[in-house]
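Could you take me on a short tour of this structure? I have it open in a viewer and would like to know what to select next and what is there.

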Amino acid sequence: DKMAILLNFVYDNVEYVPDKVTWKKPEYWQNAAYTLTSKKGDCEDMAILLYKLAVFSNVPLYRLRVACGFTSDGTGHAYLLYLKEEDNEWYSLDPAYKFFESKSSYKNSIPHRERSSYGKIWYTFNGRNAWAQESVVVI
């Protein structure tokens, strides 16, 4: 399966390094090319790289979303959601947090909504759209 291969590639080739170490900032979103060439990044860097690899592998945009939200312990996190063709369910593909659980859940068709490792999603986005999970008022 293409997405499983891409997930393994990112996990095997990118070392998790916090932004505080790499950029001396609490948060910095680097682009996919930098993550790929430097072979280091944190959760959103790995999620964005996985997203870009999927796009370059001809996965339709409507099947991909980068999700930003909480893990079950309340930590902020980013990961990729993939809408699987076989069952039209969203699956979390996550090379940065509980990778082996993510890989197993995908393989065994346990959708994101049934995974207890994640909490509330703040927002999702892809190369075309962004979605708030709740109504947002902009002042």
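Begin by selecting phenylalanine 70, which sits in strand S3, residues 64-71. Keep in mind along the way that this is a predicted model. Phenylalanine 70 has a relative accessibility of 32%, so it counts as partly exposed; the partly exposed class runs between the 20% limit for buried and the 50% limit for exposed.

**Second stop: the largest pocket**

Next, look for open space. Rolling a probe the size of a water molecule over the atoms shows where empty space is left. In this model, the largest pocket holds about 340 Å³ of space.

Which residues lie nearest the centre of the largest pocket? Select Tyr16, Glu27, Cys43, Gly76 and His77 to find them; they belong to a lining of 21 residues. Colour the elements next: helix H2 (19-22), helix H4 (43-56), S3, strand S4 (76-83) and strand S6 (118-125) each give two or more residues to this lining. S4 provides the largest share, with 3 residues.

If you colour the lining by residue type, you will find 11 nonpolar, 4 polar and 6 charged residues.

Is alanine 78 buried or exposed? Its relative accessibility is 3%, so alanine 78 counts as buried.

To finish, turn to the backbone. Most residues other than glycine have a negative phi.

- Lysine 24 lies in the loop between H2 and helix H3 (32-38). Its phi is near 60 degrees, a positive value in a residue other than glycine. With 67% relative accessibility, lysine 24 counts as exposed.
- Asparagine 88 lies in the loop between S4 and strand S5 (90-93). It is not a glycine, yet its phi is positive, at about 55 degrees. Asparagine 88 has a relative accessible area of 53%, so it is exposed.

How values were computed: Residues are numbered from 1 along each chain as its sequence is written. This is a predicted model: local features need pLDDT of at least 70, side-chain atom pairs count only at pLDDT 80 or more; totals for chains, interfaces and linings use all residues. Side-chain values use heavy atoms; hydrogens and water are left out. Helices (H or I, at least four residues) and strands (E, at least two) are DSSP runs, numbered from the N terminus. Buried means under 20% relative accessible area, exposed over 50%, partly exposed in between (1.4 Å probe, protein chains only). On a 1 Å grid over the protein atoms alone, a cavity is a set of points where a 1.4 Å probe fits but cannot get out, and a pocket is an open set with protein on both sides within 12 Å along at least five of seven lines; lining residues have an atom within 4 Å of a point. Grid points are joined across faces, edges and corners, and a volume is the space filled by probe spheres set on the points. Ala, Val, Leu, Ile, Met, Phe, Trp, Tyr, Cys and Pro count as nonpolar, Asp, Glu, Lys and Arg as charged, and the others, Gly among them, as polar.
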